[in-house]
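Please read the numbered points alongside the display.

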Amino acid sequence: MSGVRYSTPRPDGAPLLRIGPTQPAVAEPSERADAARNRALLLDAAQQLVREHGASGLTMDAVAKRAGVGKGTVFRRFGNRTGLMLALLDHSEQKFQAAFMFGPPPLGPEASPVERLIAFGRTRLLDIEVEGDLHRAAEEKGRFGAGPYALHKAHITLLLRGAEVDGDLSLIADTLMATLSAALVIHQIDILGYSPAQIGDNWEWLVRRVVSPAAQVE
């Protein structure tokens, strides 16, 4: 089956849904293009640090050194470490959205719905593995009605429909997304002792059971 597309995909560069209310440190549409690029470079550096050393390794000094700028630049951009963490979560979320809406397969268009569902979960689990505390804090504020959660749910529902799954697709999408809860994934890793790879394999197993026999990856 061909890749599922949105009926009115957003053009590249269009604003994506943010984690929460716009923070002072978050780039506004009126921000100069060069300033927005510099901010993205700082956040990419921050994301690399978190993936390499965990959240504890994310300091203003470390970001400045990785990005090759003065520490004052980082403070002017984000205010403090909390502002940096919030901006990083928002940055990570927007990159994830752009990847599943516009990116290459298997996460983006041109892959089959089943392949995209599997890639969606595995990619989200990677984000939780390295930025879990940030995702858990965002979940605790309640995001079920709108924002990124609603977009993720709509995307999964669209893929389920593309895979010709029967049943209440909205409810099935909620059920699948529940297994990607940051709080649950962190508990499974830290308390139950499962590896991220095992959790990713379980996601794939679940997806294939939900869509089978309606669709299978060739």
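1. Of the 218 residues in the chain, 43% are buried (under 20% relative accessible area, with exposed over 50% and partly exposed in between, using a 1.4 Å probe and protein chains only). The model is predicted: local features need pLDDT of at least 70, side-chain atom pairs count only at pLDDT 80 or more, and totals for chains, interfaces and linings use all residues. Residues are numbered from 1 along each chain as its sequence is written, and side-chain values use heavy atoms, with hydrogens and water left out.

2. The chain has nine helices and zero strands (DSSP runs numbered from the N terminus, helices being H or I of at least four residues and strands E of at least two). Among contacts (heavy atoms within 4.5 Å) between residues at least 6 apart in sequence, 68% join residues at least 24 apart.

3. Gln97 lies in helix H4, residues 81-102. Gln97 counts as buried because its relative accessibility is 0%. Its side chain makes a polar contact with the side chain of Glu93, at 2.8 Å (a pair of N or O atoms within 3.5 Å; within protein, one must be able to donate a hydrogen and the other to accept it, and residues adjacent in sequence count only if both atoms are side-chain atoms).

4. Tyr194 sits in the loop between helix H8 (182-190) and helix H9 (196-211). With a relative accessible area of 42%, Tyr194 is partly exposed.
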